[in-house]
Amino acid sequence: MKKGFALVTLVIFIIIALNFDTPSFEAFDIKIRSLLFGNSFIILFHNLGETKFIIVATVIMLLYLAIFKKDFRGVLFVLLTVGVGNGLNQLLKRIFARPRPEIEDQLSSFSFPSGHAQISVLFFLTLAYLISKWLKNKKWKFITYGLMLVLIFLIGLSRIAEGRHYATDVLAGWSIGYTWFIVSVLWYESKKHK
């Protein structure tokens, strides 16, 4: 978890936010869509980023932290990453008000940044972070993060494959999601230095 990389992802988000409607970024979106659109295997992964799944899984995580671990700062950490992170996504969608790609039966909400991409980063990295705290073996920590990163990647791609988002929406969601995750980690770990 590199703090410096969070600054890089923030810069990436800002660059995309200021340029997603330029010809070069639009050409990028068209190219990625042509590669992924309609891929039924990738589309399957969108379910892991659905609001219902994230809410249920987050509640289970909160209950586990509160009841079994008695980690109330961990509870606040999850609420900060996933809960406030979701609020941040909704705010950004309203600020940028980018229409979604034109397909039949398209969703009516705004497109930028992708909620699935952003929230999957926040939820699955939070889960990996907490699990890795409890694991002693570095190999299992690496496997945990690796598995979560693969899921995050596939969930993001699923939104392009379905035609629900542009590739730039997904890249922006991943980027701002990681930045917010690191901000949350810095808050969570600040107690260690007091």
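At the start of α6, which side-chain oxygen reaches to within 3.5 Å of the backbone nitrogen of His-116? The oxygen belongs to Ser-114. This is a predicted model, in which local features need pLDDT of at least 70, side-chain atom pairs count only at pLDDT 80 or more, and totals for chains, interfaces and linings use all residues. Residues are numbered from 1 along each chain as its sequence is written, and side-chain values use heavy atoms, with hydrogens and water left out.

**Overall fold**
- The protein chain has eight helices and zero strands (DSSP runs numbered from the N terminus: H or I of at least four residues for helices, E of at least two for strands).
- Of the 194 residues, 45% count as buried (under 20% relative accessible area; exposed is over 50%, partly exposed in between; 1.4 Å probe, protein chains only).

**Helix α6**
- Helix α6 covers residues 115–134 and spans 29 Å from first to last C-alpha, close to the expected 28 Å (1.5 Å times one less than its number of residues).
- Of the 20 residues in α6, 16 are buried.

**Arg-98 and its partners**
- Arg-98 lies in the loop between α5 (72–96) and α6 and is buried, at 6% relative accessibility.
- Asp-169 forms a salt bridge with Arg-98, with the closest N and O atoms 2.7 Å apart (a side-chain nitrogen of Lys or Arg within 4 Å of a carboxyl oxygen of Asp or Glu).
- Asp-169 lies in helix α8 (residues 167–189) and Arg-98 in the α5–α6 loop, so the pair ties together parts 71 residues apart in sequence.
- Asp-169 is buried, at 0% relative accessibility.
- Asp-29, Arg-98 and Asp-169 are linked in a network of salt bridges.

**Other salt bridges**
- The structure holds four salt bridges.
- One joins the side chains of Asp-71 and Lys-133 at 3.8 Å, N to O.
- Asp-71 lies in the loop between α4 (51–68) and α5 and Lys-133 in α6, so this pair ties together parts 62 residues apart in sequence.
- Asp-71 is buried at 12%, whereas Lys-133 is partly exposed at 37%.
- Arg-159 and Glu-162 also meet in a salt bridge, at 2.7 Å, N to O.

Key:
Polar contact = N/O pair within 3.5 Å; in protein donor to acceptor, adjacent residues only side chain to side chain.
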